[in-house]
Amino acid sequence: MAEKILVVGGVALGPKAACRCKRLMPDAQITLVDENEFISYGGCGIPYYVSGEIQNLDDLRSTPYHTVRDPAFFQAMKGIAVRTRTRALAIDRAAKTLLVKDLNSGKEEKLPYDTLVLATGASPRMPPVEGKDLKNVLSLTRLEAAGAIRSACQEGKVTEAVIVGGGFIGLEAAVALADMWGVKVSVVEMMDQILPGVLSHSLALMAAHDCRSHKVEVHVAEKVLKIEGADGAVSAVVTDKRRIPAQMVIFAAGFTPNGSLAKDAGLDVAPFGAIVVDEHMRTSDPAIYAGGDCVSIKNLITGKPGYLPLGSMANRQGRVIGTNLAGGNAAFPGYVGSWAVKLFDMAFCGVGLTVERARKEGYDAMSVAVEQLDHAHFYPEKSMMTLELTVDKPTRRVLGLQGACADPDSLKARIDAVAAALQYSKPTVDDISNLEVAYAPPFASAMDVVNVVGNVADNALDGRFTPITADAFMDLWKNREQNHVFFIDARPAAAGRAMQEKHPDWHAIPLEEIAARAHEVPKDRPVAIICNTGLRAYDSLLILARNGVKDLVNASGGMQSVNKMGLQV
């Protein structure tokens with residue numbers, strides 16, 4: 001008798017698992033149920049439909065050969081039965097049945113299964129604030145909402161919008177509304193930075209500056225208290241610090257995994273609501289698999305259960321589940337957390353832990369940052385790239401890498417190289433220093449920026465210098481009357497002296513003059529050095545150390561990082 005397989009959820013993982021299983025086990029009777037009208041679409045592409053970069057909503061539902069993935073497609077092309085507008089209500093594990101409800105007719109029935117797949121996804125986190133049910137208070141996770149948002153913008157009904165949440169989706173929505181439609185956008189983030197948890201505080205300042213320089217207001221450490229309305233539609237957002245007029249509010253404050261169906265059936269569920277699975281994506285019931293945004297997966301850096309709702313992860317897990325449904329033994333060992341986001345002029349990308357998160361996980365962590373051109377300095381087309389490496393000081397183990405660059409492809413290439421190393425081993429700083437990457441002047445420098453950030457970490461760990469972030473350097477400058485730091489600008493003479501003319505406490509001592517003028521630098525005060533990228537400052541530091549100046553720090557990334565953060569001397 002043919003295996004009866006039920007799949008609950010039809011966006012990413014469900015269809016992938018069903019199709020993979022059907023290819024390997026053609027006789028399987030597979031039925032996919034989903035409570036929505038649209039299935040099998042690229043949810044991560046929704047902001048790009050809103051922005052107009054993707055013209056047709058059906059493009060998000062289409063195969064590479066432009067066939068729309070609707071129920072008829074799955075039946076005719078894949079041999080998979082699809083029931084949309086069908087909600088899964090309860091699992092009877094003993095009887096091996098799934099109770100479902102047809103949302104159009106209201107009829108309930110029990111569907112038998114031999115194996116069940118839960119791909120129930122996650123729901124946007126909606127804070128319990130007054131006014132959240134007003135018209136034009138939306139989330140950007142379903143195709144229906146995408147169409148409504150774009151139509152409202154096209155018709156000129158939205159001139160001001162508030163995005164609640166400064167994560168990936170929130171920022172992509174902000175870019176879409178501001179860049180394409182000229183909407184005045186405000187981002188409200190409850191944490192003290194945007195992209196919290198995935199981007200270091202210093203790099204988050206760069207992301208915020210990129211937004212603000214394109215007239216997107218960014219309000220961090222701010223909480224939404226209520227949403228005001230007029231005639232049933234949103235009119236303003238009230239936070240604990242301000243009132244922001246708006247004709248549209250988009251909630252992008254994270255996700256809550258949809259694990260209640262599994263929990264009600266007695267399956268193991270993590271404290272935060274995600275379904276617990278093993279490396280074969282099997283739940284605590286061997287006849288039930290689960291994957292995608294509804295499950296908890298092992299973080300390969302920390303070794304602890306984690307949660308990372310990404311479409312790329314769901315698709316890879318779907319293939320693993322599909323293989324195992326057909327009798328295979330595929331595994332999904334965990335994740336290292338690779339991500340990427342494109343804002344206005346800058347792209348940001350990362351993998352693993354930020355220094356702040358690493359410390360929270362109990363590591364004795366530090367980070368170093370560099371600014372270097374992504375291509376050879378003599379090649380005409382090039383962009384300055386920021387890379388920040390997080391390491392565990394006692395073991396020299398690399399815990400993460402984040403970066404920023406105007407060229408998203410260049411940046412992603414570096415992050416992907418380190419992500420591969422993190423996924424399959426526990427690389428050290430020395431491994432990154434010697435990581436082999438492809439070289440030609442149109443693609444990289446002979447000493448690639450990813451190798452350089454490893455070298456800088458090696459020097460810092462060995463005590464050759466004490467790095468501080470560019471924003472920490474500027475904090476020292478801001479409080480110079482209290483900390484008595486002696487500031488040195490090691491850039492070429494013209495740049496440094498122009499600054500010194502405005503600020504007498506800013507001492508222009510170019511690298512070329514530092515040895516001859518070492519006597520001008522006090523030995524009884526802390527000394528902070530900055531240059532354009534950090535390289536000249538490091539060489540200056542070594543010279544001063546040889547001349548008896550010991551209390552030295554230099555600004556990682558130099559004035560390049562200061563400018564990217566929107567800070568000013």
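Because the model is predicted, local features need pLDDT of at least 70 and side-chain atom pairs count only at pLDDT 80 or more, while totals for chains, interfaces and linings use all residues.

Entry one, strand β23. I looked up β23, residues 347-352; strands (E, at least two residues) are DSSP runs, numbered from the N terminus. Six of its six residues are buried, so β23 is largely enclosed by the rest of the structure. Buried means under 20% relative accessible area, with a 1.4 Å probe and protein chains only.

Entry two, the partners of β23. I took two strands as paired if DSSP finds at least two bridges between them. Strand β22 (residues 339-342) pairs with β23 in the antiparallel sense over four bridges, and a hairpin of four residues joins the two. I found Lys-342 bridged to Ala-347 of β23. Strand β26 (residues 397-405) also runs antiparallel to β23, with six bridges between them. Here Ala-347 stands opposite Cys-405 of β26.

Entry three, an open sheet. I noted three strands in the order β18-β20-β21, with mixed pairing. β18 (275-276) and β21 (305-306) are at the edges and have a single partner strand each, so one side of each lacks a neighbour in the sheet. β18 pairs with strand β20 (residues 295-298) in the parallel sense over two bridges. In that pair I located Val-276 opposite Ser-296 of β20.

How values were computed. Residues are numbered from 1 along each chain as its sequence is written. Side-chain values use heavy atoms; hydrogens and water are left out. Buried means under 20% relative accessible area, exposed over 50%, partly exposed in between (1.4 Å probe, protein chains only).
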